[in-house]
Amino acid sequence: MSLYADEIIRFSSVLKMSYNLIAGRDELKRKKLREKKHLISVALPFSDLLFGFPNLIPVFPIRMEVFKVSKYLSYLGSASSILGWDNVSKILGYVKNAGIEDVNKVIDEIIEGVIETLNEKYNEMYDIGVERGISSDFCFALKTLVGMHVSKMKNVSATINYSIRCSAWNKYLESLKSIKSDVTQIWLDIPPRNIGNAIELLEDNIRHALTDLEKISGNSYSDNQLREHFKVSNQIRRDYKTIIYEIGASDFYPCNPATFSEILALLSISFQDYNSNAKRYAENIHQMVDEMRERIKKGIGMDVSKYHKIMVTPMFGGWEPKTHEIIYKLGGRALYVDWDVLHFLDDIPISSKSDPVEAYAYFLTNATENGIGCDNNVLTDSYVRVAEKLGVDGIVFNQLFGCHSVSNCYRLLKDKIRKELEIPSISLTFNRIGDNIEQVTTRLGAFMEMFK
Amino acid sequence: MDIPNLLSDFSQFLREKKQSGVKIAAFLAHDNIPEEMMDACGIFPLRMMFGGNEELMNASHDYLPPSTCAFTQSCIGLFANKPSKYRFLELVDYFIVSNHCVSDICGSEIITKYFNIPRLNFYVTYTKNENSEKYFRLELEDFKRQLEDIIKSKLTDDKLYESINKFNKFKQKLLELNSLNLIGSKKLRIIQEAMLFGPSYHKKLTDFIENNRDKQIHQVDTLKNVILTGCSIFISDYLVDLIEDAGGNVVFFDTWIGNHYFSQVFSKEELNSSLSPYDLFVQRYKKNILSDHSVPDFLDNKIAQLVKINNSYKKKTGKNLGVINHIIKFCDHFSMLSSYFKEKLQLDGIKVLNLERDYSGSNRGQLSTRIEAYLEMLE
């Protein structure tokens, strides 16, 4: 994993995002206890509404956990508050170049720790979920989410529950009250299809959710605040897509391909709650784009034209994090682009709709109609769209054990890949991080052979 | 009637329907499908309610991973393998893709796409509130349009009322059957047959009830009475026999093939009211609080109902009923909350067996052992 250290420390944006992702506990604690703000549990990219209130903080619950390396990151966090993140990054880069061994070790540990500690924590949450009684037949994501809530639901004032096509997801949301019955559950139903006045019904559902949130917040919901947030979140989405399509699809990367995959993985996880602070997240991701472009302009990075572009998907419900490293070693570069496949990176149409609630309803309807909704034909078209846009050479489909939803579209997708894209694809099964690395290595080895 | 004869009769029945110009629309969804609308259009609603086996499940693996609900796997297997007993599935003209659960979506889409069966759509929201009722009406209107496209004429309210009345009478008859104190397997087989054939089975059902009114059992002391909840027992499944072989008896089928279907009747007042047929469907949907499709109160409602049934039984007999929660492997709806379900009912003194299984023959012995051990614990 030290492979990535050299690269990541030169991106202060990456360092900041990593820090905010896994060292967020103290900040969240402060917000809750000192500033009397309400933490609201979210999962999947459904945090936007919460930013319509001054005192509601969305949190992807794993971020409330204590991570092993957060001590080091806390030092960096403290240093950054005095020196600024850019300077911290430069100092780290300088120290690394100077080869000072002890400090080097610390830096490696930090970067390594970001990924490893996250993975360890995910597995720990998985075990807690299973101990709690969730059947082992459910997917990694739901087991870990149950674990996260068993562990930290006591800290949240509410959970925000969007019902989607996945019945296991909806039932998992229903099950949250069995973990802690006094935590408010705020439901937002997305109609399965855009027929008749379904969008108006969704708007009304959103308004009901806002009313429920007002009760928790104690503040009235503000159209202006929500509209302002949507502008910020649209900027995040555009920058995210720039990283995917401008940088990810290019032949020169600002870092090695495994590092780039690592950054995409960090984005995928942190996008769910914007690390609890959308403006800061927007600044970080924008800076990330700038830093990447700057490095490319200066020729710092790596010519990746000979590395085959491999779209690895879906990974948002859990995947083997070694995948991109293995692919890199085999001459490929792994791209994680789930949120765009599911249309969560489309703009909230705030410029064409003056009412932010209406705009959000259109956004959710679009994601349902064209992405995560009830039609595998449409969903697989979206996979093909993204693969074409990226010009990928192959697709690795991550078939999540126990996933009865997105993972089940592989047969249809495989047929389309063969007919429409004429590129190879392979499916990998995934159950728990680290469980199946040998098989993953073997299968990816055989797959990557096809490009030689 | 034994299973081969039942399927053979049903095959004949469907062929006759076909010959008389009736179209057939099949569906996997366990709930909320307005079958009366199809009937009013002269389309026969065919429920996929057939149990599976290893061979059928394996046949589905070309399309879906093995970690898919065993029932969905078997349904796909029926279309892929076309076993001779189920040849009548070749007569299916349309398949309804619905979202009872995500396996319903995926399985139904596969059946329509890979077995070239034209698709009809009918989706239902997960959350229950006023807006979901309004959305349900939108789906009804859309479904009406789809059906009218098939029959190339308008579906009139009069026709629809006629079908609503027909199905209502049929369900009331099933409720009457349900109130008889018959051995569970006997009752289940009639319920299965009736639900398969639909209202045209009304006369046979009436005859059966009349012929069996005097043959009710009074063996409460020797049989361990249980409620079967969770997933349905489908046609050709042996589970009810295993329960009886172990000394148990299912007194209440709290499942889709069972009370959940026939308890959704309209009252006389509703039928005589000024409600349009679509208002009636929305009303039924609204009252359907025990649908496993719904969130967030489904399980609490179910638990409340089971406690009520048990209390009434206990008042009569002084004993608690047992509850067998039948979970077909990889069923999202009944598996996710099974621990909570058991915990809650046990607080009320009701012993619960969470019985998870797929359709492989090899686990029959293990199922027997678990059921026997469970029944031994009951009073």
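Predicted model: local features only at pLDDT ≥ 70, side-chain atom pairs only at ≥ 80, totals over all residues.
Figure 1. Of the contacts in chain B between residues at least 6 apart in sequence, 72% join residues at least 24 apart. Chain B contains 17 helices and eight strands. Its radius of gyration is 20 Å, close to the 21 Å that the globule rule gives for 379 residues, so chain B is as compact as a globular protein of that length. The C-alpha trace of chain B spans about 60 × 50 × 45 Å along its principal axes. Of the 379 residues in chain B, 48% are buried.

**Figure 2. The two domains of chain B and the contact between them.** Chain B is divided into domain 1, residues 3-162, and domain 2, residues 181-377. Taken over C-alpha atoms, the centres of domain 1 and domain 2 of chain B are separated by 22 Å. Domain 1 of chain B brings 37 residues to the contact, and domain 2 of chain B brings 34 residues. On the side of domain 1 of chain B that touches domain 2 of chain B, two or more residues come from each of α1 (3-19), β2 (43-47), α3 (54-59), α4 (70-81), α6 (130-151) and α7 (157-179) of chain B. That side of domain 1 of chain B has 20 nonpolar, 10 polar and seven charged residues.

**Figure 3. Strand β7 of chain B and its two pairing partners.** Strand β7 of chain B covers residues 322-328; seven of its seven residues are buried, so this strand is largely enclosed by the rest of the structure. One side of β7(B) carries B:G322, B:I324, B:H326 and B:I328, the other carries B:V323, B:N325 and B:I327, and all of these are buried. Strand β5 of chain B, residues 224-230, runs parallel to β7(B) and is joined to it by five bridges. In this pairing, B:V226 has B:G322 of β7(B) as its bridge partner. Strand β8 of chain B, residues 352-357, also pairs with β7(B) in the parallel sense, here over six bridges. For B:N325, the bridge partner in β8(B) is B:N354.

**Figure 4. The largest nonpolar core and the surroundings of A:I40.** In soluble globular proteins, nonpolar side chains tend to be buried together. The largest nonpolar core of this model holds 256 residues, and the members that touch the most other members are A:I40, A:L142, B:A25 and B:I96. Helix α15 of chain A, residues 356-372, gives the most to this core, with nine residues. Domain 1 (3-162) and domain 2 (181-377) of chain B both give residues to the core, so the core lies between them.

**Figure 5. The side of chain A that touches chain B.** In the contact between the chains, 39 residues of chain A meet 37 residues of chain B. Elements of chain A that each supply at least two residues of the side touching chain B are α8 (167-179), β4 (184-189) and α9 (198-217). The most comes from α8(A), with nine residues. By class, the residues of the side of chain A that touches chain B are 14 nonpolar, 17 polar and eight charged.

Conventions
Residues numbered from 1 in each chain as written. Chains lettered and ligands numbered in written order. Contact = placed C-beta atoms within 7 Å. Helix = DSSP H or I, 4+ residues; strand = E, 2+ residues; numbered from the N terminus. Nonpolar A, V, L, I, M, F, W, Y, C, P; charged D, E, K, R; others polar. Core = buried A, V, L, I, M, F, W, Y, C linked by C-beta atoms within 7 Å. Buried ≥ 20, exposed ≤ 12 C-beta atoms within 10 Å, placed from the backbone. Domains from an automatic or database assignment. Rg over C-alpha atoms; globule rule 2.2 N^0.38 Å. Pairing = 2+ DSSP bridges.
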